[in-house]
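User: I am new to this structure. Please take me through it step by step.

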Amino acid sequence: SDLHGQFPYQASLRKSGRHFCGGSLIIERHIGTAAHWIHGIVSAPYNDFTVVTGTISNINGGQSYCVAKATVNPDFKPSSSESYRNDIAIVTLADTVKSNTYQKPISPASSDPPVGATLIMSGWGRTSTNGNLPEILQTTNVYLMSNEECQKRIPNYHIYNGQLCTFKRKGVGICMGFSGGR
């Protein structure tokens, strides 16, 4: 199936023109992404940091935007065992993204999806543990697990309210370089 236009909120964050992580267009000038990809990787004045929307390729196509600001959640603790908590950042673009079939903000959820719901993930993460980053956007369906069940399965991490746990089957899930997707 043709992915072009199915994930119009998907963005490619690029440093010196090279894709380094994904993000989601949340409103016309703001991209949500993972704090660990921003903290210590890009810094003001962001001359080498661009965001590309409107393409399923992390190499070509789409529209490129300069970055005005990148704000990491102040509660993000990058070097702690809790670095997976509050791992969110907002990238503010210099210009407004003009919505069309291929690029438009994600619709905000009015409530959490129910346990067992099928969710779609998209991103340019590795397709195997030591594999390359794919050029074309990858997607997979996953299922929402209760936080209680999740906590039983991964006892070494504290699962907080506001975090969602998903599963599919052993060996399937998001992988390195995927974070920042939706």
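User: What percentage of the 182 residues do buried residues make up?

Analyst: A note before the number: this is a predicted model. A residue counts as buried under 20% relative accessible area. Of the 182 residues in the protein, the buried share is 37%.

User: How many helices and strands does the protein have, and in what pattern do they follow along the sequence?

Analyst: The protein has two helices and nine strands. Read along the sequence, they give the pattern β-β-β-α-β-β-β-β-β-α-β.

User: What radius of gyration does the protein have, and what would a compact globule have?

Analyst: The C-alpha trace spans about 45 × 40 × 35 Å along its principal axes. A compact globule with 182 residues would have a radius of gyration near 16 Å. The protein agrees with that, at 16 Å.

User: What share of the contacts with a separation of 6 or more comes from residues 24 or more positions apart?

Analyst: Contact here means heavy atoms within 4.5 Å. Among contacts with a separation of 6 or more, residues 24 or more positions apart account for 62%.

User: Is leucine 93 buried or exposed?

Analyst: Leucine 93 sits in strand E6, residues 89–93. Its relative accessible area is 0%. The limit for burial is under 20%. Leucine 93 is therefore buried.

User: With which side chain does the side chain of histidine 19 make a polar contact?

Analyst: Histidine 19 lies in strand E2, residues 18–27. Histidine 19 is buried, because its relative accessible area is 13% and the cut-off is under 20%. Leaving aside neighbours within four places in sequence, its contacts are Ser12, Leu13, Arg14, Asn58 and Trp124. The polar contact, at 2.8 Å, is with the side chain of serine 12.

User: How far apart are the mean positions of the positive and negative charges?

Analyst: The protein has 16 positive and 11 negative charges. The distance between their mean positions is 4 Å.

Notes
Residues are numbered from 1 along each chain as its sequence is written. This is a predicted model: local features need pLDDT of at least 70, side-chain atom pairs count only at pLDDT 80 or more; totals for chains, interfaces and linings use all residues. Side-chain values use heavy atoms; hydrogens and water are left out. Helices (H or I, at least four residues) and strands (E, at least two) are DSSP runs, numbered from the N terminus. Buried means under 20% relative accessible area, exposed over 50%, partly exposed in between (1.4 Å probe, protein chains only). A polar contact is a pair of N or O atoms within 3.5 Å; within protein, one must be able to donate a hydrogen and the other to accept it, and residues adjacent in sequence count only if both atoms are side-chain atoms. The radius of gyration is taken over C-alpha atoms; the globule rule is 2.2 Å times the number of residues to the power 0.38. Lys and Arg count as positive and Asp and Glu as negative; His and the chain ends are not counted. The place of a charge is taken as NZ of Lys, CZ of Arg, CG of Asp or CD of Glu.
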